[in-house]
Amino acid sequence: MRRAANLTGVELSRRGTLFALLVPGLAVLLFGFLYPVAATLAFPPDGDPATVARETGSLLTDPYLLPVIARTIRVAVVTTLICLVLGFPVAYLISRVPPRWSGKLLALAIFPLMLNTVVRTYGWLVVLGGNGLLSSLTEGLGLGPSRLLYTETAIVLGLVQLFLPLMILSCYSSLSQQDPRLEEAARGLGASPGRAFRQVVFPLALPGALVGCTLVFAGAVTAFTTPQLLGGARERILSTLLYSRVNVSLDWPAASAVALVMTVLVLVVSALSSRLSAKGSTQ
Amino acid sequence: MIRRPLLSLLTALAFLIMLGPVVILLGVAFTAGSTLTFPPEGLSLRWFAAALDYQPFISSLGTSLVVAALSTVLALALGVPATLALQRGLIPGRGVVENLFATPIIVPELVLGLALFQQLMVGLQITALATLVIGHTVLLLPYAVRVVGASLALSDPRLEEAARGLGAGPLRTFFQVTLPVMRPGIISAAILAFITSLNNVPLSLLLTGPGVSTLPVEMLNYVQSSYDPVVAAVSVLLLAASVAVALVTERLVGFNKVFGR
């Protein structure tokens, strides 16, 4: 009996320790994250769930705002596709070159992640601006000035630059685990280089590519600096609309509605992608 | 495989897009002219002098460093014990708790910033600086839990059992076995968290007060209101600092290991 009592004592103190280790972190999450986010999405200042629901309804039907949602999704999808088309080959190359090269190339691809988004986007103003690099190039070729700044194309370019490292990393993590002999075997059995790539290399790296696509899509939907600087007030997406709702029109319930749509969009895509990858891993 | 010429072409294009706009800033920053043009019109250091002379950049750099340091320390102080409990203890509903610690990553940072502004700054009258620290701590917690957790998951719990079996108390076991095992993870998490906080824009954007604002937000505001190359000079200074941090990181724990996750 004494022994059993002792054990329970140990058990209890272990429970107590675990509790003490977890609670501070959970408390900060509750106070600094769950409470404020839930409160803002449902009960903004001078509003209640009904106002937010009404604002969300008008956001989803308003002929001015609907294009903003459509543009956000379009920009995110195009950015994701371009990142995949460019990032996958880079990751493939890095996974197949000798190690002394792969480390350096990978570092070069990762390095931009150390810089803030203003630094990374600012250069595009020089390239795409009114008398920028691209404009003088097209004028030199007799094509007239290029007007790419403050267009959707500019936003996509900036976002591709921002998120390519994430795509490269995700694809690389799958590709570097792949045995290169699988591809060689396919080739040895008579598959053309293209067929070996389509039927062996790419399908096996699909989980990494899917993670990359999810990261890039979510990042593109929520990015702020780049669409603000390269799209401006002319080409609003959800994040820049949210900012102007808060800062310019000071319309809290409307801001909450935009925040809600943005959050749901990201959550739905993340959920879909984890469903998809779960399905892929059971097959 | 993809055909070599195509592979090389796509790779070159990818690196051009990733690094080209940043490299161009090097040229713009050293211009003697007063507009944002490349190639530069003559060479000078006047924009660097202007950058170091612009008070909002200097004071916001101070704010950024304080917020990054405090929130990194806090995120580790909260995250490491939580990771320890999650990895080494038998917790009912462990998956749920783990997911809870990862959620701040899924919610858009701009939305979290708006929420903290409305509920903590306006609602509870908490200062901008304190709200920034709280927000950044929440943002960094998932990194701390995940990165330190990864290094713990790789280690063998029997090491700790052996230490206990050989007569070491729980505290001694923690400081002489568990902590050394977690050290590379903690260093990686600290560097990653510090840089993440330092670079953040969307979360910090709305959390400003009189004289309180972070450097990237001040840079963004400056770029939106004027067209001279001051921010290019600031960018080049930050670029140089990042190269230095990257080299130190490479020596300490490996650059690709820290930032390549």
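How many residue pairs are in polar contact between chain B and chain A? The count is six, with both residues of each pair at pLDDT 80 or more; a polar contact here is a pair of N or O atoms within 3.5 Å, where within protein one must be able to donate a hydrogen and the other to accept it, and residues adjacent in sequence count only if both atoms are side-chain atoms.

Before going further, note that this is a predicted model, in which local features need pLDDT of at least 70 and side-chain atom pairs count only at pLDDT 80 or more, while totals for chains, interfaces and linings use all residues. Residues are numbered from 1 along each chain as its sequence is written, chains are lettered from A in the order in which they are written, and side-chain values use heavy atoms, leaving out hydrogens and water.

Let's stay with the interface. Chain B brings 80 residues to the contact and chain A brings 84, counting heavy atoms within 4.5 Å. Together the two chains bury about 7,300 Å², 80% of it on carbon and sulfur atoms; this is the accessible area (1.4 Å probe) lost on putting the parts together, summed over both. On the side of chain B that touches chain A, helix α1 (residues 4–29) of chain B gives the largest share, 15 residues; helices are DSSP runs of H or I, at least four residues, numbered from the N terminus.

Now to the cysteines. The whole structure holds zero disulfides, meaning pairs of cysteine sulfur atoms within 2.5 Å.

Notes: Helices (H or I, at least four residues) and strands (E, at least two) are DSSP runs, numbered from the N terminus.
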